[in-house]
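Hello,

Here is the structure we talked about. Please open it first, then read the notes below it.

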Amino acid sequence: MAKLQISHVSVNYAGTAGGSTLALSDVNLALDPGDFVVALGASGCGKTTLLSCIAGFMQPSEGEIVLGGRKVEGPGAERGVVFQKHALMPWLNVVDNVAFGLRMRHVPKAERDRIALDKLRLVGLEKFARHPVYQISGGMQQRVGLARALASDPEVMLMDEPLGALDALTREQQQELILDLWWKTRKMFFFITHSVEEALFLATELIVMTPSPGRIAHRYRVEFGRRFIDNRDARKVKADPEFIRLREEILQLIHSAPDVAEAA
Ligand SMILES: Nc1ncnc2c1ncn2[C@@H]1O[C@H](COP(=O)(O)OP(=O)(O)OP(=O)(O)O)[C@@H](O)[C@H]1O
Ligand SMILES: [Mg+2]
C-alpha cells in the first residue's frame with residue numbers, strides 16, 4: 001500500500017450555473033516517499049480540485065484519500081501547501097513568516113526559530129531572515145513560502161502553480177531548487193503546472209488530465225529530474241532528444257483535448 005493513496009475520487013460541485021459540474025471522476029493515484037507527481041492539463045480539468053481534496057480543504061463526493069494509513073478528513077500539518085500567491089504576512093519578517101505555523105501550534109520560540117532558520121538555509125535565504133518580506137523579491141518571497149511549508153516537516157508537499165508568476169530565469173532557478181529539496185528530503189510532491197517543460201523536468205510521474213469530467217487521461221514515468229541531480233546541467237537535460245520528443249507528444253495531447261481553454 002502506497003503512503004498516499006487516492007482511490008476512486010470523484011467531486012461533483014452541485015448548484016453551479018446550468019446544474020452541477022463533475023470536476024473529478026474516478027481519479028486513482030498512489031504516491032510513495034520520493035515520488036514527484038506533476039499534474040498537467042487544460043484549465044478546468046480539476047487539478048486544483050484534486051489538490052484541495054488531498055490538502056483536506058474539501059471532501060470528495062465519492063472515494064477516499066488515505067495518507068499514512070489515516071483517511072484525510074481536513075487540513076493537517078503533515079501536508080504542506082504552496083500556492084502561486086504565497087500569502088505571506090507583510091507585518092512579519094522572513095523568519096517569523098516561516099515560523100508562523102509552528103507558532104500557531106505553540107512550538108516554543110527558540111525551537112521554532114531554530115527550525116525556521118534551518119528551512120531558510122535549505123532555500124538559500126538564511127541571510128535574509130530578519131528582512132521584512134516586502135523588501136525581498138517575488139522569487140525570494142516564493143522561497144519563503146516553500147520554507148514555511150517545509151517548517152512543519154510535512155510528508156507531502158502540495159504545490160498549485162507555485163512558479164506561475166515568476167520570470168523565466170527565476171522560474172528555472174526555482175525548479176532546480178525544488179528538485180534539490182525533493183532529493184534532500186525524499187518527501188512526496190504533488191505539483192500543478194501549465195508548463196509541459198517544467199512538468200517533464202520535475203516529475204517522476206507526470207499525469208495529463210482532461211476536463212468534463214476531470215480525469216487522468218495519460219500517465220508517464222520520467223526521470224529527467226534525477227538526471228539533473230546527477231549532472232547539475234538543466235539545459236543539457238532539457239535539450240535531450242527524449243525530453244524534446246516527450247514535450248512535443250504531451251503538448252499535442254493537451255492541444256487535442258476537448259474544451260481546451262489554455263495549455264502549454
Ligand atoms: N467551488 C466551486 N464551485 C463550483 N464549481 C467549481 C468550483 N471550483 C471549481 N469548479 C469547477 O470545477 C472544474 C475544475 O476546476 P479546477 O479549479 O479544479 O480546475 P483546474 O484544472 O485547477 O483549472 P486551472 O488550470 O484554470 O487552475 C471547473 O469546471 C470549475 O469551473
Ligand atoms: Mg487550478
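**Helix packing**

Helix α4 (residues 109-122) packs with helix α5 (residues 138-151) at an angle of about 130 degrees, and their axes are 9 Å apart. That angle makes α4 oblique to α5, because angles under 35 degrees count as roughly parallel, over 145 as roughly antiparallel, 65 to 115 as roughly perpendicular and the rest as oblique. Axes are lines fitted to C-alpha atoms, for helices over the stretch in contact, and angles run from 0 to 180 degrees between N-to-C directions. Helices (H or I, at least four residues) and strands (E, at least two) are DSSP runs, numbered from the N terminus.

The α4 side of this contact has I115, A116, K119, L120 and L122. The α5 side has A147, L150 and A151. Two residues are in contact if their C-beta atoms, placed from the backbone, lie within 7 Å. By class, the contact of α4 with α5 has seven nonpolar residues, no polar ones and one charged. Ala, Val, Leu, Ile, Met, Phe, Trp, Tyr, Cys and Pro count as nonpolar, Asp, Glu, Lys and Arg as charged, and the others, Gly among them, as polar.

The model is predicted: local features need pLDDT of at least 70, side-chain atom pairs count only at pLDDT 80 or more, and totals for chains, interfaces and linings use all residues. Residues are numbered from 1 along each chain as its sequence is written, while chains are lettered from A and ligands numbered from 1 in the order in which they are written.

Now the other helix pair. The axes of α6 and helix α8 (residues 224-231) come within 10 Å and cross at roughly 90 degrees. That makes α6 roughly perpendicular to α8. E176, L179 and W183 in α6 meet G225, F228 and I229 in α8. Four residues of this contact are nonpolar, one is polar and one is charged.

**Domains**

The chain divides into domain 1 (1-70 + 155-209 + 249-264) and domain 2 (88-153). These bounds come from an automatic or database domain assignment. The C-alpha centres of the two domains lie 25 Å apart. Eight residues from domain 1 and seven residues from domain 2 make the contact. On the domain 1 side, helix α6 (residues 168-185) gives the most, with four residues. That side has six nonpolar residues, two polar and no charged.

**Ligand 1**

Which residues come nearest to ligand 1? Of the 13 residues around it, they are Y13, A23, S43, T48 and T49. A residue is near a molecule or strand if its C-beta atom, placed from the backbone, lies within 6 Å of it. β1 (4-16), β2 (19-31) and α1 (47-55) each supply at least two residues of the shell. The largest share, three residues, comes from α1. By class, the shell has three nonpolar, nine polar and one charged residues.

**Backbone details**

Two loops deserve a look. S212 and P213 are joined by a cis peptide bond, with omega about -5 degrees. P213 is in the loop between β9 (205-210) and β10 (215-221). R186 is a residue other than glycine with a positive phi, near 55 degrees. R186 lies in the loop between α6 and β8 (188-192).

Best wishes
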